[in-house]
Amino acid sequence: AILYVQSEGIVSGNPDGTYTPDVAITRAAFTKIIVESLGLDTEKLCRIAAFPDVGSDQWYYKYVMAARCAGLIAGYPDGTFKPGASINFVEMAKIVAEAFNLHATTDAEIWYKGYVLALEDRGAIPVQITAFNDVITRGEMAEVVYRLHGSVYGKSSTTYVELSGEAHVEGEGSVDFNEEEFEDDFDFDDFTFEDEEFSENEFEF
């Protein structure tokens, strides 16, 4: 999976040539992978204002701006993006399912269920993921993109039922990464990843 995303130019690894697959992926790195996977133009930027914590001198600036111009991300209510923050499985499932046009049904009681089932149907949930609120690693993200972008089928995949036995995300409604759709979204600041607990508020990206 890592060799695939590297060969496709989706990731380039660390400056020292390593990829560090077991390290949690940041929001900046995640955004780059999504942008590169979709082939979005990172040079043609729209007139949307940049996030105050995403400087134009940062390597991820063009990817964040491309994703924002495409309506994939909107940031926090305070206007920031928090490029160094991590992302968990259900957050990733939402974005990935929509980015790759997977059919996801809406569940009024469990907002993330349809997105997880869409990834399950596609066989795109790495078996290393064991809970809805698992923090996603660089290696796991590469595996998901490899299966979807590379049209890879038949690999072992975790199911919604298996994940539901490990953790349950409290909250109602759905996640939307467009700025105008942020009603009652989760806030990353309310997450406690170490204790694998969620707040009762919904999140945004």
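The legends below describe close-up views of aromatic rings and of charged side chains over rings in a predicted model.

**View 1. The aromatic pair of W59 and Y60.** By the ring-centre rule used here, the count for the model comes to 6 aromatic pairs. One of them joins W59 and Y60 in an edge-to-face arrangement, with 5.2 Å from centre to centre and 85° between the planes. The two partners are described separately in terms of accessibility: W59 is partly exposed, with a relative accessible area of 48%, whereas Y60, at 11%, is buried. Y60 is assigned to the buried class because its value falls under 20% relative accessible area.

**View 2. The aromatic pair of W111 and Y112.** The rings of W111 and Y112 also form an edge-to-face pair, for which the centre-to-centre distance is 5.3 Å and the angle between the planes is 85°. W111 counts as buried at 3% relative accessibility, and Y112 likewise counts as buried, at 1%.

**View 3. The aromatic cluster that contains W111 and Y112.**

**View 4. Charged ends over the rings of Y76 and Y153.** In one part of this view, K82 places its charged end over the ring of Y76, at 4.6 Å from the ring centre.

Technical notes. Residues numbered from 1 in each chain as written. Predicted model: local features only at pLDDT ≥ 70, side-chain atom pairs only at ≥ 80, totals over all residues. Heavy atoms only, no water. Phe/Tyr/Trp six-rings, centres within 6.5 Å; stacked < 30°, edge-to-face > 60°. Buried < 20%, exposed > 50% of the residue type's maximum accessible area, 1.4 Å probe, protein only. Lys NZ or Arg CZ within 6 Å of the ring centre and 35° of its normal.
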